[in-house]
Amino acid sequence: MPEQSKSEPVTGGEAVVRALAAHGVTTAFGIPGTHNLEIYRHLAPYGITHVTPRHEQGAGYAADAYARVTDRPGVAITTTGPALLNITAAVGQAYSDSVPLLVVSPGMPLRHPRQPTGLLHEMRSQTEALRAVAAFSHQVSTVEEIGSAVARAFTLFRTRRPRPVHIEVPLDLLETAQPAGPVRLAPPLSAPAPSGPSLRDAARVLRSARRPAVVLGGGARSASAGCRALAEALAAPVVTTANGKGIVDETHPLSLGVSLHSPSVQKWLADCDAVLAVGTELAESDLWSAPPPLGGTLIRVDIDPARMYGGLPADLPLVGAARPTLEALREALEEEATGDPGARDGAAAVRALRAARDAETAERDARWVPYLQAARAVLDADAIWTSDSAQCCYYGALPHLPVGPRGRYLHPTGFGTLGYALPAAIGAKTAYPHRQVVALSGDGGLQFSVQELATAAQLQLPLPVVVFDNGGYGEIRDEMTARGDTPTGVDLPSVDLPALARAYGGHGTRADTPEALARALSLALNTPGPTVITVTEETPR
């Protein structure tokens with residue numbers, strides 16, 4: 001890493017890269033453009049590896065997945081105007097799913113006239129556009145301010161609900177050498193945790209409850225061991241959101257997995273006399289319907305105080321990070337002697353609820369379950385799955401593909417974007433090249449970002465891409481039919497996706513049985529580059 005004195009001038013581009021490196025950034029995703037070359041000039045000298053997707057939206061999804069699997073912020077670099085707008089869908093997805101994503105871009109010069117001048121990539125306000133989807137969008141006004149802006153972003157990532165941030169460096173500052181001052185670092189603050197009467201009240205309610213439940217969202221990810229220990233201490237069934245999938249091993253006797261959308265599970269939750277919700281909004285995107293009224297006491301654990309009053313308001317709010325809060329709650333439970341958790345049989349309740357959940361959708365989900373079981377059998381326990389807004393993912397894999405704390409399942413939940421799976425798999429595989437990574441998508445969703453097959457082929461990392469082909473947009477087709485409408489704009493001509501993968505420099509095959517999928521996956525996991533595996537089983541529509 002280059003050394004500079006406090007007073008030695010550096011360009012804005014170097015100041016950006018210096019600040020990123022100082023915060024431990026080693027990988028960035030993006031596409032070079034005319035206006036951001038001064039940033040790219042300094043990446044290699046500061047030890048930052050760069051991955052070039054074929055579209056800025058892909059760069060955003062890859063950086064998002066990199067952040068989810070490493071628990072470190074993902075970084076994406078764009079140029080001005082259309083490039084920055086291209087990444088906004090990924091920024092919106094990171095915002096809804098609480099992902100620490102940092103987007104860095106150039107902007108119009110500081111003294112650029114307010115009236116349009118026809119400058120390349122000119123737009124009225126990049127920062128206003130990004131403020132609509134990010135936690136904040138910060139335009140710096142000096143080279144020295146760049147370090148403070150980056151430190152501000154990393155402080156937010158570490159101490160508050162993590163959400164995406166945009167930093168804009170005006171074009172004239174990128175190329176101008178000014179004193180940058182000392183490197184600014186986000187302070188090493190400890191995660192907050194509640195204490196006192198609120199913890200004791202929560203412990204008393206949970207210990208005395210006859211029908212307790214634990215609901216886990218993505219905010220509980222860092223507290224996997226504590227979540228399991230607390231559930232076992234209470235003999236309480238555990239149900240998760242999509243972002244909470246696998247925090248407690250989904251083969252555990254107390255685990256219902258991703259089942260909040262099930263009417264049977266929602267009825268059970270409403271009948272519980274105590275519900276502990278950790279790191280979740282309990283939102284419509286988690287339940288696939290309006291949150292049900294709860295008959296018992298709702299205890300919410302969240303680092304974001306505003307969440308205590310959204311959706312289902314907390315009866316007992318515990319504001320703090322999940323891990324220290326659950327540790328403190330467990331201690332309070334051990335001190336609380338009332339109640340008899342041994343009288344509960346949470347495992348029996350889970351068995352009955354699993355059966356009821358699966359019976360509700362057995363006919364609908366029959367297409368995917370055998371294939372997913374076959375795929376699960378050939379993958380390691382720490383395999384990473386990336387997902388799309390596709391029927392095979394939210395109806396199939398979310399409830400029916402068991403994942404544990406060693407593995408991960410990355411799903412674009414709240415914003416519900418299409419095209420996430422493939423670039424997200426590239427981001428995850430970049431972070432962990434020696435772990436198995438599988439992308440799961442539908443034919444419609446894949447084609448939102450299918451050009452990233454070229455990125456995967458260039459990286460030459462083994463990457464299976466499993467695609468269930470239903471001839472277009474199956475979910476929207478079904479919704480139109482259910483409304484009594486004539487399906488319009490949803491039936492798309494079949495694309496030879498395996499051939500397209502080969503054209504991009506990868507591999508492709510088809511699987512018409514679960515056994516064929518297992519064989520194709522086993523081969524793809526040991527073949528450099530992407531392998532598109534199209535599941536071709538025909539089912540009635």
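**Entry 1: Arg 221**

I began with a charged residue and asked which side chain of opposite charge is nearest to Arg 221. In this predicted model, that side chain belongs to Asp 71, 6.7 Å away. Arg 221 is buried, yet it has no salt bridge. The cut-off for a salt bridge is 4 Å between nitrogen and oxygen, so I could see why Asp 71 did not count as a partner.

I then looked up where Arg 221 sits, and found it in the loop between β9 and α10 (224-234). What does its side chain reach instead? I found the backbone oxygen of Asn 243 at 2.8 Å from the side chain of Arg 221. I also listed the contacts of Arg 221, leaving aside neighbours within four places in sequence. They are Asn 243, Gly 244, Lys 245, Gly 246, Ile 247 and Arg 408.

**Entry 2: Lys 429**

Next I turned to a lysine, Lys 429, and found it in helix α18 (residues 421-431). Is Lys 429 buried or exposed? Its relative accessibility is 6%, so it counts as buried.

The side chain of Lys 429 reaches a backbone oxygen too, that of Arg 435, at 2.7 Å. Not counting residues up to four places away in sequence, Lys 429 touches Arg 435, Gln 436, Val 437, Leu 461 and Pro 462. I also checked a distance across the structure: Lys 429 and Val 350 are 34 Å apart in space, C-alpha to C-alpha, and 79 residues apart in sequence.

**Entry 3: salt bridges**

I reminded myself that side chains of opposite charge can pair when their charged atoms come close. How many salt bridges does the structure hold? I noted 19 of them, and I looked at a few.

Then I looked at Arg 228 and Glu 232, whose side chains meet in a salt bridge at 2.9 Å, N to O. They are four residues apart in helix α10, so about one helical turn separates them. I recalled that an α-helix has 3.6 residues a turn, so residues three or four places apart point the same way. Arg 228 has 42% relative accessibility and therefore counts as partly exposed. Glu 232, at 39%, also counts as partly exposed.

Arg 330 and Glu 334 form another salt bridge, with the closest N and O atoms 3.8 Å apart. Both lie in helix α13 (residues 322-335), four residues apart, which is about one turn of the helix. Arg 330 counts as partly exposed because its relative accessibility is 30%. Glu 334 has 55%, so it counts as exposed.

**Entry 4: helix α11**

I wanted to know which residues of helix α11 (residues 263-271) are buried. I wrote down Val 265, Gln 266, Trp 268, Leu 269 and Ala 270. What covers them? I found several elements, including the strands β9 (212-216), β10 (238-240), β11 (255-258) and β12 (274-278). The helices α12 (284-287) and α14 (346-360) are also among the covering elements.

**Entry 5: cavities and a pocket**

How many cavities of 30 Å³ or more does the whole structure have? My search found two. The largest cavity holds about 70 Å³ of space. Its lining includes Ala 15, Arg 18, Ala 19, Val 143, Glu 144 and Gly 147. Two elements give two or more residues to that lining: α1 (12-22) and α7 (143-159).

Last, I looked up the second largest pocket, which has a volume of about 630 Å³. Of the 34 residues that line this pocket, the closest to its centre are Ser 389, Ala 390, Gln 391, Tyr 394 and Glu 475. The elements that give two or more residues to the lining are α12, α17 (391-400), α19 (443-446) and α21 (474-482). Which of these gives the most? It is α17, with five residues.

Note on methods
Residues are numbered from 1 along each chain as its sequence is written. This is a predicted model: local features need pLDDT of at least 70, side-chain atom pairs count only at pLDDT 80 or more; totals for chains, interfaces and linings use all residues. Side-chain values use heavy atoms; hydrogens and water are left out. Buried means under 20% relative accessible area, exposed over 50%, partly exposed in between (1.4 Å probe, protein chains only). Contact means heavy atoms within 4.5 Å. Lys and Arg count as positive and Asp and Glu as negative; His and the chain ends are not counted. A polar contact is a pair of N or O atoms within 3.5 Å; within protein, one must be able to donate a hydrogen and the other to accept it, and residues adjacent in sequence count only if both atoms are side-chain atoms. On a 1 Å grid over the protein atoms alone, a cavity is a set of points where a 1.4 Å probe fits but cannot get out, and a pocket is an open set with protein on both sides within 12 Å along at least five of seven lines; lining residues have an atom within 4 Å of a point. Grid points are joined across faces, edges and corners, and a volume is the space filled by probe spheres set on the points.
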